[in-house]
Amino acid sequence: MKSAAAKSHASSNANRLRIIGGRWRGTKLHFPDVAAIRPTPDRVRETLFNWLQGDINDSRCLDLFAGSGALGLEALSRGASAVTFVDRQMVIGKYLRDTLQRLHCEQGAVVTTDALTFLHRQVSPVDIVFLDPPFADSNVLSQACALLESRGWLNTQAWIYIECPAQINLAADITDWPANWRVHRSKTAGQVGYHLVRRLTTSQSE
């Protein structure tokens, strides 16, 4: 049986992540012990930002369902010009603000609200969206995709990164999948599927 100290140490390690590239490479962060937080693993982030390496610099990004902030913070570390982090939990909002302050970063903004509610706000189009909603409700992913496109959140040829259960086929299984979105890259890591999607112009998608 584990001692209380051992359990505490295990929990502490479970709530840590490491920025893996850019100006904050190697920086370790301790995020809140919230059950809903499921940080993108290091090797998945490494693959994603290899995919995005020609587009991340000076990009404007939106990190919906931000949680640990791993994706948005990695983007800022690698040269994104601005990242908006959205999460509905107050404790996560505080952690993200404190983290940005600790990193002396003024290019990050934190909005504490439900992600779908946020997408109904006044639009500020972005180049890259990180979309990692709760796996238990596929309807949330469908609604987020539809709102990103219909509300005008995406710049021309924006990238959308999606994490979801590995068995989901995005274009086939997601209700209201935008007709001008094309899956550019896809991989799986255990039970997780991760995908880089490109928004095409209307003429490109015809």
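A: Accessible areas here come from the Shrake-Rupley method with a 1.4 Å probe. Keep in mind that this is a predicted model. On that basis, the accessible surface of the protein comes to about 10,200 Å², and 47% of it belongs to carbon and sulfur atoms.

Let's zoom in on T47. You'll find T47 in helix 2, which covers residues 42-51. Is T47 buried or exposed? Its relative accessibility is 16%, and the cut-off for buried is under 20%, so T47 counts as buried. Within this stretch, a polar atom of the T47 side chain lies 3.0 Å from the backbone oxygen of R43.

Now look further along the chain. Setting aside neighbours within four places in sequence, T47 is in contact with K187 and Y194. Those two have a link of their own: Y194, in strand 9, is the bridge partner of K187. Strand 8 (residues 181-189) and strand 9 (residues 192-199) run antiparallel, joined by 8 bridges. The two strands form a hairpin with 2 residues between them, and G190 in the turn has a positive phi of about 65°.

Zooming back out, the protein has 8 helices and 9 strands. Its radius of gyration is 17 Å, close to the 17 Å that the globule rule gives for 206 residues, so it is as compact as a globular protein of that length. Of those 206 residues, 50% count as buried. And among contacts with a separation of 6 or more, 67% are between residues 24 or more positions apart.

Key
Residues are numbered from 1 along each chain as its sequence is written. This is a predicted model: local features need pLDDT of at least 70, side-chain atom pairs count only at pLDDT 80 or more; totals for chains, interfaces and linings use all residues. Side-chain values use heavy atoms; hydrogens and water are left out. Two strands pair if DSSP finds at least two bridges between them. Helices (H or I, at least four residues) and strands (E, at least two) are DSSP runs, numbered from the N terminus. Buried means under 20% relative accessible area, exposed over 50%, partly exposed in between (1.4 Å probe, protein chains only). A polar contact is a pair of N or O atoms within 3.5 Å; within protein, one must be able to donate a hydrogen and the other to accept it, and residues adjacent in sequence count only if both atoms are side-chain atoms. Contact means heavy atoms within 4.5 Å. The radius of gyration is taken over C-alpha atoms; the globule rule is 2.2 Å times the number of residues to the power 0.38.
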